[in-house]
Amino acid sequence: MSTRGKIMLVGLGPGSVEHMSARARAAIAEADTIIGYVTYIRLVAELLEGKEVVKKSMTEELDRAIEALERARQGRKVALVSSGDAGVYGMAGPTFEVLFQAGWTPDSAIEVEIVPGASALNTCAALVGAPLTHDFCAISLSDLLTPWPTIARRLDAVAYADFVVALYNPKSGRRTRQIVEAQRLFLRHRRADTPVAIVKSAYRPRQRIEFTTLERMAEADIGMLTTVLIGNSNTFVRDGLMVTPRGYAHKYEVAAGERATLEGEQAGRSLSTGLNGWLATIRASGRSAAELATEYRLPQDYVAAALAAAPTAAAAMADAAEDAT
Ligand SMILES: C[S@@+](CC[C@H](N)C(=O)[O-])C[C@H]1O[C@@H](n2cnc3c(N)ncnc32)[C@H](O)[C@@H]1O
């Protein structure tokens, strides 16, 4: 038997056995030591027979990582389990911090494997429809380790930039004001009727889904096991499904199962308002960088540089390549 220790950072998915990956189950089977928060360990109870189980509470992330390192140094195979994905607000970061501080490198005697799992963002989205079909991001409202001004700045930036946003750690018994502040920042840039989905305990026995709006979001039943999905300016809710359009309406007339390309657009080519089309439009407009910056909500120096640059050979080549497809 190899004496080389191993740490497996295992994402268990949302909390139902059906949504755990085959590799996650195999990693737990392969391990002789399992470390994790009690709730998550309970999910894999039937796989634990004959293994050492170290149950740790929520606040002891660094302790869990240190414990894993110590066992792996003894040649043990340790599974450090996280809900969702271990790399999304999970154990992967603290584990690498502890490992690097201890002088570990990937060539060291301890092997590290990260086993991906479906994060709350994916699983909550799947329960409400297709809210993440366009650009999105995740922001945690937990200020236990992140200064509030950092969180607020990010909220403000993504609200302005019209991302779909998944809010992790939106509220707990002690942290009740953060969601109200997030709502306030969002309402500075977004319509009050922007769709919001509140998903509680996804794929767990107490699962609960509520559709609301940005204006009413803070009144919803939100807790520790809730993910809040805020749509972008095109997101809609229809027949109990939250959908963010992919953008086909910019290019096609989609009617009764037929698809006709809109005037000025071509299938397989960038949108007429894509980069090259936009550059041609602003150059032909004769308008100032300041005016264009206001219209497109872009930094003035960026627009000025775009106006100043000659059409590049690269853009011409991209056009030619697209023509050939
Ligand atoms: C510390 S983070 C862990 C995230 C996890 N690693 C993941 O990838 O989903 C905890 C937050 O994840 C979200 N979360 C985790 N499991 C969830 C579930 N089953 N339903 C809804 N939200 C969940 C909640 O926002 C919760 O406050």
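This is a predicted model: local features need pLDDT of at least 70, side-chain atom pairs count only at pLDDT 80 or more; totals for chains, interfaces and linings use all residues.
**Figure 1. With 19 C-beta neighbours inside 10 Å, Tyr 203 counts as partly exposed.** Residue numbers start from 1 along each chain as its sequence is written. Tyr 203 sits in the loop between β9 and β10, and its phi is positive, about 55°, although it is not a glycine. Ser 201 belongs to the loop between β9 (195–200) and β10 (208–213); its phi is near 50°, again a positive value in a residue other than glycine. What makes Ser 201 partly exposed? Ser 201 gets that label because it has 17 C-beta neighbours inside 10 Å. For background, most residues other than glycine have a negative phi.

Figure 2. Helices (H or I, at least four residues) and strands (E, at least two) are DSSP runs, numbered from the N terminus. The C-alpha trace spans about 75 × 50 × 45 Å along its principal axes. Of the chain's 325 residues, 32% count as buried. Contacts with a separation of 6 or more come to 67% from residues 24 or more positions apart, a contact being two residues whose C-beta atoms, placed from the backbone, lie within 7 Å. The domain assignment gives domain 1 (6–118), domain 2 (121–243) and domain 3 (266–324); such bounds come from an automatic or database domain assignment. Taken over C-alpha atoms, the centres of domain 2 and domain 3 are 33 Å apart.

**Figure 3. This close-up shows an open, parallel sheet of five strands in the order β3-β2-β4-β1-β5.** At its edges are β3 (52–56) and β5 (111–115), each pairing on one side only; strands pair if DSSP finds at least two bridges between them. Neighbouring strands of this sheet are turned by 15° against each other on average, direction ignored. Helix α1 (residues 22–30) packs on the sheet and touches β1 (6–11), β2, β4 (77–82) and β5. The direction of α1 makes about 145° with that of β1 (axes are lines fitted to C-alpha atoms, for helices over the stretch in contact, and angles run from 0 to 180 degrees between N-to-C directions). Strand β2 (residues 33–37) pairs with β3 in the parallel sense over five bridges, and Ile 34 stands opposite Val 53 in β3.

**Figure 4. Another open sheet of five strands has the order β7-β8-β11-β9-β10, with mixed pairing.** Which strands stand at the edges? That would be β7 and β10: each has a single partner strand, so one side of each is left without a neighbour in the sheet. On average, neighbouring strands of this sheet are turned by 20° against each other, direction ignored. Helix α6 packs on the sheet, touching β7 and β8 (164–168), and its direction makes about 160° with that of β7. Strands β9 and β10 run antiparallel and are joined by six bridges. Val 199 stands opposite Ile 209 in β10.

**Figure 5. Leu 141 is placed in the loop between β7 (136–140) and α6 (148–160).** Leu 141 counts as buried because it has 23 C-beta neighbours inside 10 Å. Setting aside neighbours within four places in sequence, Leu 141 is in contact with Ile 151, Leu 167, Asn 169, Pro 170, Gln 178, Ile 179 and Ala 182. Leu 141 and Val 10 are 131 residues apart in sequence, with 24 Å between them in space, C-alpha to C-alpha.

**Figure 6. Around the ligand there are 23 residues.** Gly 84, Val 88, Ser 119, Ala 120 and Ala 202 come nearest; to be near a molecule, a residue needs its C-beta atom, placed from the backbone, within 6 Å of it. By class, the shell has 11 nonpolar, 10 polar and two charged residues (Ala, Val, Leu, Ile, Met, Phe, Trp, Tyr, Cys and Pro count as nonpolar, Asp, Glu, Lys and Arg as charged, and the others, Gly among them, as polar). Domain 1 (6–118) and domain 2 (121–243) each give at least three residues to the shell. At least two shell residues come from each of α5 (120–128) and β11 (226–230).

Note on methods:
A residue is buried if 20 or more other C-beta atoms lie within 10 Å of its own, exposed if 12 or fewer, and partly exposed in between; C-beta atoms are placed from the backbone.
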